[in-house]
Amino acid sequence: MIGVDVIGMSPAIENAPAKRASDNTGPHRTGHHCNDHQRPRESGVRLPDGRQLGYAEYGDPQGSPVFYFHGFPGSRFEAAPAHEAAIAVNAHIFAFDRPGYGLSDPQPGRMLIDWARDVGHAADALGISRFAVLGVSGGGPYALACAYAIPQRLSAIGVVCGLGPTDDVALRSQMSWPLRAGLFLGRHAPWFYSFLHVVLFSVLRCRPEQVLRVLSIDDPEPDRAVMRRSDLREAILTSIREALRCGARGLTQDVRLYARSWGFALESISAPVSLWHGEADTTVPSVMGHQVAARLPYCRPHFLRGEGHFSLPFNHSSDILRALINLE
């Protein structure tokens with residue numbers, strides 16, 4: 001596609017070589033993927049407006065393409081724990097940084113629906129005609145934006161513990177207080193939220209464990225069990241740290257977008273959506289998942305007892321990826 005290229009990263013990213021799209025019918029294949037001793041293959045797509053969209057690859061390089069949309073705050077590294085599960089089910093994960101996060105350039109004034117356009121351009125550059133999307137937590141709205149705007153490109157749509165529209169006061173009241181506070185500021189005092197991020201950026205960047213501690217303050221036991229695992233906790237911290245690589249603009253924009261109208265109605269999504277949500281989730285309460293499922297015209301809901309916000313994607317990554325691959 002003219003104006004859209006796959007580019008290599010700087011020497012700071014393991015001297016990764018430039019990539020080229022191979023054709024218009026299938027996923028681009030790469031030879032350097034992560035294992036227990038390597039970082040994932042990282043690269044970037046140059047979009048028509050000149051911005052870079054960074055991504056990392058996990059899983060089987062010959063597998064079915066799954067575009068992974070990280071949570072809030074998060075980055076492409078969030079998908080790392082799913083690497084082995086993706087290999088097992090023959091899934092090729094492309095985990096993208098949203099604008100302003102990690103390796104992706106900021107996009108001033110972006111809207112939720114703009115993500116679908118970026119994803120379409122990225123797929124074109126990678127030579128991928130159809131692909132599954134998987135949005136986790138704060139990535140859920142972005143997966144639904146793709147379901148609304150580019151359903152013809154999608155082989156399957158998955159939302160895991162996804163944030164729903166936040167215009168319902170009763171639903172917001174059941175969310176954890178840090179998220180309620182952030183959404184309130186994003187809706188009523190965005191200037192203060194921006195100021196807060198500027199002031200606290202250096203602290204958040206250097207000590208992401210403080211962010212995690214605040215976000216998980218009301219966690220149920222299933223999530224606490226995940227946090228007691230050093231490998232999973234470190235994966236989450238690494239993702240948060242990378243999210244703040246170039247500042248907090250991406251986080252600030254996300255909160256504003258979550259707090260406002262998404263620009264499309266869930267009832268207008270014509271594509272089938274598979275939804276997974278933990279009944280013990282206190283970060284994004286399951287009642288929000290039930291509401292989203294009820295509003296989507298074609299939804300395959302899976303509500304899991306005894307699973308929380310962090311435990312569900314870690315404990316069920318193989319089942320989720322397998323389900324999305326089998327829907328192709």
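**Salt bridges, helix packing and backbone geometry**

At 14% relative accessibility, S137 counts as buried (under 20% relative accessible area; exposed means over 50%, partly exposed in between; 1.4 Å probe, protein chains only). S137 sits in the loop between β6 (131-136) and α3. Its phi is positive, about 55 degrees, although S137 is not a glycine. The model is predicted, so local features need pLDDT of at least 70 and side-chain atom pairs pLDDT 80 or more, whereas totals for chains, interfaces and linings use all residues. Residues are numbered from 1 along each chain as its sequence is written, and side-chain values use heavy atoms, with hydrogens and water left out.

N90 also has a positive phi, about 60 degrees, and is not a glycine either. This residue belongs to the loop between α1 and β5 (91-96). N90 is partly exposed, at 44% relative accessibility. A further backbone feature occurs at F72 and P73. The peptide bond from F72 to P73 is cis, with omega near -10 degrees. P73 is placed in the loop between β4 (64-69) and α1 (83-88).

The protein holds 13 helices and 9 strands (DSSP runs numbered from the N terminus: helices are H or I, at least four residues; strands are E, at least two). Of its 328 residues, 59% are buried. Contacts (heavy atoms within 4.5 Å) were also sorted by sequence separation. Among contacts with a separation of 6 or more, 77% join residues 24 or more positions apart.

Salt bridges were searched across the whole structure, and 16 were found (a side-chain nitrogen of Lys or Arg within 4 Å of a carboxyl oxygen of Asp or Glu). One of them pairs D118 with R51, with the closest N and O atoms 2.8 Å apart. D118 is part of helix α2 (residues 114-125), while R51 is in the loop between β2 (41-46) and β3 (52-59), so this pair ties together parts that are 67 residues apart in sequence. Both D118 and R51 are buried.

Other pairs involve partly exposed residues. R229 and D231 form a salt bridge with an N to O distance of 2.8 Å. The relative accessible area of R229 is 43%, which makes R229 partly exposed. D231 is partly exposed too, at 41%. E234 bridges to R241, and here the closest N and O atoms are 4.0 Å apart. E234 is partly exposed at 38% relative accessibility. R241 falls in the partly exposed class at 28%. Salt bridges also link E42, R76, D97, E242 and R245 in a network.

Helix packing was examined for α2 and α3. Helix α3 spans residues 140-149 and packs against α2 at an angle of about 75 degrees, with the axes 8 Å apart (axes are lines fitted to C-alpha atoms, for helices over the stretch in contact; angles run from 0 to 180 degrees between N-to-C directions). The two helices, α2 and α3, are therefore roughly perpendicular (65 to 115 degrees; under 35 is roughly parallel, over 145 roughly antiparallel, the rest oblique). From α2, the contact is made by W115, A116 and V119. From α3, Y142, A145, C146 and A149 take part. The contact residues divide into 7 nonpolar, no polar and no charged (nonpolar: Ala, Val, Leu, Ile, Met, Phe, Trp, Tyr, Cys and Pro; charged: Asp, Glu, Lys and Arg; polar: the others, Gly among them).
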